[in-house]
Amino acid sequence: MLNRRHIRVKVMQSIYAMHQTDSDNLEKEEKFLFQSIENIRDLYLTMLSALVELRNIEEDFIDKSARKHLATSEERNPNRKFINNKVLQLLADSNTLSIALEDRKINNWKLNDDYLLILLDEIKKSTLYESYMQNRDNNFEEDRQFVTDIFTEVIAPNEKLYEYLEDYKLTWVDDIPLVNTLISKQLKQVKENGNDSFLVPKLYKDADDKDFVRDLFRKTVLNEVELAKEFIDKTPNWDTERIAEIDAIILKMAICEFLKFPSIPVKVTINEYLEIAKEYSTPKSSIFINGILDNLVKNYQTNNKLIKTGRGLM
């Protein structure tokens, strides 16, 4: 689920938060960092469960309408194509999804079904829904495309949903694009056959990624003074206090990877932090950071200070 760039972003945000609160409690801040990452799984499950609950709400509405004393012929014989959607049913029947929801105690929509009603209304007003409901036949390919499109074009960009997620857990704000992209990709690839063809991915790709969170956070925080000295002298045209705090943190993290993570290629480190700077710092930050890092790498190489193991790591 997590990629290395998002891990770097989470570490950067935690270090920035420490600076803002003048905290020096490494253990407490590290615990918060890992909790904020664990919350990404909850966001993923919350978004997926919305699809299941949207189907359940519509099924309940259709069944109640059919039982009305003065039900119309359309209400007695409704088009059930949406609630019979094979992908929505697959999600509802997924053992791994049900277990994960139970394990993480995800029940957001049971308590806030008004947001689901807003989403359901938006879905029904969409041309995607209108086109999909032209007939009553379900086939897996069409059902999969419909759910993927509805999620991507109606649910994910919904402003009310975004506001709810932001209010519910502030750390989710930067995780929403990552999670929505992952779900969209999974929906496109889901297959009809198999005992449980929809699997909830692991939070970390492997144990190395979880270690990377801890090591990058600790090695940067515990060596901030030394890491800062590496670039302060290389910025003669910049007053130290004029360097944006996010830029300073990005530089320290990148230098930390140069010097203390021998298995990470230099180019990977530079590219990752330049992309992070473009998204999280000032418009000119990536140019500034790129110049500093490029000069540092040349200096380290000249002085044999840059030690990387493995092939192609320079």
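**View 1. Aspartate 121, a partly exposed residue at 40% relative accessibility.** Partly exposed here sits between buried (under 20% relative accessible area) and exposed (over 50%), with a 1.4 Å probe and protein chains only. This is a predicted model, where local features need pLDDT of at least 70, side-chain atom pairs count only at pLDDT 80 or more, and totals for chains, interfaces and linings use all residues. Residues are numbered from 1 along each chain as its sequence is written, and side-chain values use heavy atoms, with hydrogens and water left out. The side chain of aspartate 121 meets that of lysine 125 in a salt bridge at 3.5 Å, N to O (a side-chain nitrogen of Lys or Arg within 4 Å of a carboxyl oxygen of Asp or Glu). About one helical turn separates the two, because they are four residues apart in helix H7 (residues 113–125). Helices are DSSP runs of H or I, at least four residues, numbered from the N terminus. Lysine 125 is exposed, at 57%.

**View 2. Aspartate 60 and lysine 64, paired in a salt bridge.** Their closest N and O atoms are 3.2 Å apart. Again it's about one helical turn, since the residues are four apart in helix H2. Aspartate 60 comes out partly exposed at 37% relative accessibility, and lysine 64 is also partly exposed, at 47%.

**View 3. Aspartate 175 and lysine 10, a salt bridge linking distant parts of the chain.** The closest N and O atoms lie 3.1 Å apart. Aspartate 175 is in the loop between H10 and helix H11 (176–189), lysine 10 is in helix H1 (residues 4–21), and 165 residues separate them. Both partners are buried. The whole structure has 26 salt bridges.

View 4. Leaving aside neighbours within four places in sequence, aspartate 42 is in contact (heavy atoms within 4.5 Å) with Arg104, Ile106 and Trp172.

**View 5. Threonine 220, buried in helix H12 (residues 207–221).** Relative accessibility here is 1%. Skipping residues up to four places away in sequence, threonine 220 touches Ile15, Leu227, Lys252, Met253 and Cys256.
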